[in-house]
Amino acid sequence: MYKKILLTFLLILVSSGLAGAEVIRISYANFPPANTFPSVQMERWKEAVEERTQGMVKVETYPGGSLLGARNMFRGVIQGQADIGNLSMSYQPGVFPMTTVLELPVGFTSAAVASLVLWDLYEKYQPAEFEQVKVLTMFANAPSNLMTRQPVQSLEDLQGLEIRASGTASRILELLGAVPVSMPMPETPEALQRGMVKGLLSSMEVLLDFNFAAYTPYQTLLDLQIYPFAVIMNKRKWDSLPEEVQQVMEDLGREQALWTGRYMDAHVKKALDYAAENYDAQLFELTAEEYDIIDEKLAGLVDEWKLEAEKRGLPAEEIFSDMMRLKEYYENELGI
Ligand code: DTR
C-alpha cells in the first residue's frame with residue numbers, strides 16, 4: 001500500500017514538474033526543551049513530512065523557545081516570524097473559548113483519548129479562534145496530578161499552598177483552596193528552585209523531562225484536567241505549498257494527534273519509574289470522601305465554561321455533549 005502511495009506521489013512529482021523544484025524550507029518553533037513531549041512530537045512530524053514528500057520539504061525545528069516562546073507563539077506564527085508553531089491554549093486564557101472545553105475536569109484517563117477527542121471536536125466545529133492560521137494537528141497531555149516539594153496527603157495539606165498551573169488548572173486549584181501561580185511550563189523550573197511555588201499541577205512526565213522529581217518528590221493522584229495543544233502554520237506559508245505537500249500534512253493531522261497521545265501516556269509511566277528509582281518519590285492517594293469533595297467543589301466549572309462559550313456565540317451544550325460522547329467512544333475503541 002505504502003509503495004503505491006510512494007509511486008503515485010513520484011509520478012505526480014515528475015508530471016507536475018516539481019521533481020526538479022527547489023527544496024521548500026519550513027521553520028517550526030516550539031517553546032519547551034527538545035526532550036519534552038511537545039518537541040519530541042515535532043521531530044516525529046518533521047521526519048514524517050520529509051519522508052512522505054520525498055525530501056521536497058525540509059523542516060527546520062527550533063525547540064526551547066529559540067525562535068518563539070510560549071507567550072508569543074500564536075502572534076509570532078500569524079505574523080510569519082515562524083512558519084509553524086506549537087502552542088498550549090491554556091497560556092492565553094480567553095483566546096480559545098472552544099478548545100479549552102478539553103480543560104474541564106471531566107475524567108479523561110489518557111492523553112491518547114483526549115487527543116483524539118480534541119482533534120475530532122476541532123475538525124467538526126472549525127472554531128473561529130483558529131481562523132487566522134492553518135491548524136496542522138492538535139494533541140493533549142495526560143491528566144494532571146499534583147507534584148509537590150512537601151507531602152500533600154489530604155485536601156487540608158493543599159490549603160494555601162502556592163502551586164504552579166495555567167488556564168483552567170489555575171481555577172481548579174483556587175476552588176480546591178490552593179494558591180495558583182500561573183505561568184508557562186518553561187518558567188516553572190526557576191519558580192520551583194527559587195521557592196516561588198511549592199509544586200505544580202500538570203502531567204507527570206515532567207518528573208523526568210524537567211527532572212522535577214528532584215524538586216517535587218511527592219505526587220498526589222488527582223487525575224484532573226488535561227492541557228490542549230495546537231500545532232499551527234502561517235496561512236500565507238500554507239497557501240504557498242504545492243497541493244501534494246498540503247495533502248501529506250492534512251493526512252498527518254489525526255495520525256499525529258494519536259501518536260503524540262500514545263507517546264505521552266507511555267512516557268508518564270517511564271517518568272514515575274524514574275522518580276521512584278532515583279528520588280524515592282512517593283505517590284499519595286486521597287480518601288474516597290475527599291475525591292467526592294473535589295468533584296463537588298469543581299462541579300460548577302462545566303456551567304462556567306458553557307456560560308462563557310455561549311457568550312462567545314458557541315453552541316456550548318452541543319460541544320460539551322459531543323466531547324463526552326467522543327470520550328466514551330474512544331475509551332471503548334482504544335480500550336483505555
Ligand atoms: N500546558 C502545559 C502542559 C504540559 C505538560 N507537559 C509539558 C511539557 C512541556 C510543555 C508543556 C507541558 C502546562 O503548562 O502544564
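Reader: How far is an oxygen atom of the ligand from an N or O atom in the side chain of Ser202?
Author: This is a predicted model, in which local features need pLDDT of at least 70 and side-chain atom pairs pLDDT 80 or more, while totals for chains, interfaces and linings use all residues. Residues are numbered from 1 along each chain as its sequence is written, and side-chain values use heavy atoms, without hydrogens or water. For Ser202, the distance from its side-chain N or O atom to the ligand oxygen is 2.8 Å.

Reader: Which residues around the ligand come nearest?
Author: A residue counts as near if one of its heavy atoms lies within 4 Å of the molecule. Tyr91, for instance, places a polar side-chain atom 2.8 Å from a ligand oxygen. Of the 18 residues around the ligand, those that come nearest are Ser88, Tyr91, Arg164, Ser202 and Glu205.

Reader: What share of the accessible area that the ligand has on its own does the protein cover?
Author: A side-chain N or O atom of Glu205 lies 2.7 Å from a nitrogen atom of the ligand. On its own, the ligand has 360 Å² of accessible area, computed by the Shrake-Rupley method with a 1.4 Å probe.

Reader: Is Ser202 buried or exposed?
Author: Ser202 belongs to strand β8, residues 199-202; strands are DSSP runs of E with at least two residues, and helices are runs of H or I with at least four, numbered from the N terminus. Relative accessible area, counted with protein chains only and a 1.4 Å probe, is called buried under 20%, exposed over 50% and partly exposed in between. At 4%, Ser202 is therefore buried.

Reader: Against which elements do the buried residues of α6 pack?
Author: Helix α6 spans residues 168-175, and its buried residues are Thr168, Ala169, Ser170, Ile172 and Leu173. Contact means heavy atoms within 4.5 Å. The packing partners are β5, β6, β7, β8, α11 and α12.

Reader: In what order do the five strands of the open sheet run?
Author: Two strands pair if DSSP finds at least two bridges between them. For example, β1 (24-29) and β3 (84-88) pair in the parallel sense over two bridges, and Tyr28 stands opposite Ile84. The pairing in the sheet is mixed, and the order is β2-β1-β3-β10-β4.

Reader: At about what angle to β2 does helix α2 run?
Author: Axes are lines fitted to C-alpha atoms, for helices over the stretch in contact, and angles between N-to-C directions run from 0 to 180 degrees. Helix α4 (111-125) lies across β4 and β10, at about 155 degrees to β4. Helix α2 (37-52) lies across β1, β2, β3, β4 and β10, and its angle to β2 is about 170 degrees.

Reader: What value is phi of Asp280 near?
Author: Asp280 sits in the loop between α10 and β11 and is exposed, with a relative accessible area of 58%. Asn211, in the loop between α8 and β9, is another residue other than glycine with positive phi, near 55 degrees, and is partly exposed at 24%. For Asp280, phi is positive and near 50 degrees.

Terms used
A polar contact is a pair of N or O atoms within 3.5 Å; within protein, one must be able to donate a hydrogen and the other to accept it, and residues adjacent in sequence count only if both atoms are side-chain atoms.
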